[in-house]
Amino acid sequence: MPKLTILVGTMYGGALDVAEQVKPLFEQAGYAVDISEQPSVEDVVQANDLTLFCVSTTGSGDFPGNFVPFVRNLKTQSPSLAGMRYGLIALGDSSYGDTFCGAGRALDDLLQDHGAHRLGERLEIDAMETFMADDAAVPWVEEWINTQQLKVA
């Protein structure tokens, strides 16, 4: 059974809620799913079949506290992520202007700088437009699984 790891960067639990809401969709598609709230570089270096990031933005485009060590270590260790296939759900608030979904955008750039391959487009969820982030995330994941032909069974 292929493995999907969902790495979560969250301040108030919104990104974790999204991860928990989309997990069954991947299980139905034939994946064994792990959710990591304290991600490490080893989580992305290991041979996962697929990785999904659910990352909220805090402050002025910053990473949530639980995600800062992961990003710092990814930058300092600079591993090759050439074999990594991933998706990205970024949560933010457009009232912050240019820093809207800043953490998700910065993570996307960092992963691609290390050779990772994003499947499809990044989903950016705006708290000003979507009260419950999973209302946007669930249909996006359903489409992502179908469009990227990720179903196993």
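Helix α1 provides the largest share of the lining of the largest pocket, four residues. The model is predicted, with local features requiring pLDDT of at least 70 and side-chain atom pairs pLDDT 80 or more, while totals for chains, interfaces and linings use all residues. Residues are numbered from 1 along each chain as its sequence is written, and side-chain values use heavy atoms, without hydrogens and water.

The largest pocket holds about 480 Å³ of space. A pocket is an open set of points on a 1 Å grid over the protein atoms alone where a 1.4 Å probe fits, with protein on both sides within 12 Å along at least five of seven lines; lining residues have an atom within 4 Å of a point. The lining comprises 26 residues, and Ser56, Thr57, Leu91, Gly92 and Ala127 lie nearest the pocket centre. Two or more lining residues come from each of α1 (14-28), β4 and β6. Helices (H or I, at least four residues) and strands (E, at least two) are DSSP runs, numbered from the N terminus.

In strand β4 (residues 85-92), seven of eight residues are buried, that is, under 20% relative accessible area with a 1.4 Å probe, protein chains only. β4 pairs in the parallel sense with β3 (residues 50-56) over six bridges, where pairing requires at least two DSSP bridges between two strands. Ser56 stands opposite Leu91 of β4. β4 also pairs in the parallel sense with β6 (residues 123-126), over four bridges, and Ala90 stands opposite Glu124 in β6. Two bridges join β4 to the parallel strand β5 (residues 117-118), with His117 as the bridge partner of Arg85.

Conventions: Buried < 20%, exposed > 50% of the residue type's maximum accessible area, 1.4 Å probe, protein only. Points joined across faces, edges and corners; volume = space filled by probe spheres on them.
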